[in-house]
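User: Hi! I'd like a guided close look at one part of the model below, with the cut-offs spelled out as you go.

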Amino acid sequence: MITVTSLSHPTMIAKIRAGLKAAALGKGHEMGGHGNRVNVQNAKGHNILRIDWKGKEFVAYGGCDWGRTEVTDIIKTALRNSNKVA
């Protein structure tokens, strides 16, 4: 299950930020995706998130039913919380 707490670890925040950048630049192949789509992996190497750049906004998917559950709001909250701590 993807939660704000599970995504708040500094290593995961760094992976998410790198994924957002790669997706926006069309370099998804650098993170196991293609084009404007990237996959974010956990420490075991399993894909836990898919981030798509839709031209003007990001959309993130993940969770039990992989690829169908939108978790964009959870990602935004985790990034906001990481900025407060730092």
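Read along the sequence, which pattern does the protein chain follow?

Analyst: Happy to. This is a predicted model, in which local features need pLDDT of at least 70 and side-chain atom pairs pLDDT 80 or more, while totals for chains, interfaces and linings use all residues. Residues are numbered from 1 along each chain as its sequence is written, and side-chain values use heavy atoms, without hydrogens or water.

Read along the sequence, the pattern is α-α-β-β-β-α, made of three helices and three strands (DSSP runs numbered from the N terminus: H or I of at least four residues for helices, E of at least two for strands).

Now to helix 2, which covers residues 10-24. Its 15 residues reach 21 Å from the first C-alpha to the last, close to the expected 21 Å (1.5 Å times one less than the number of residues). Met12, Ile13, Ile16, Gly19, Leu20, Ala22 and Ala23 are its buried residues (buried is under 20% relative accessible area, exposed over 50%, partly exposed in between, with a 1.4 Å probe and protein chains only). After helix 2 comes glycine 26, with a positive phi near 75°.

The largest nonpolar core has 17 residues, and Leu7, Ile16, Leu49, Ile51, Ile75 and Leu79 touch the most other members (a core joins buried Ala, Val, Leu, Ile, Met, Phe, Trp, Tyr and Cys through side-chain atoms within 4.5 Å). Helix 2 supplies six residues, the largest share. At least two residues each come from helix 2, strand 1 (37-41), strand 2 and helix 3 (72-85).

Strand 2 (residues 47-53) also holds arginine 50, which counts as buried because its relative accessibility is 17%. The side chains of arginine 50 and aspartate 52 make a polar contact of 3.4 Å (N or O atoms within 3.5 Å, one able to donate a hydrogen and the other to accept it).

Finally, the setting around helix 2. Of the 86 residues in the protein chain, 34% count as buried. The radius of gyration is 12 Å, which agrees with a compact globule of 86 residues because that would come out near 12 Å (over C-alpha atoms, by 2.2 Å times the number of residues to the power 0.38). The C-alpha trace spans about 30 × 25 × 25 Å along its principal axes.
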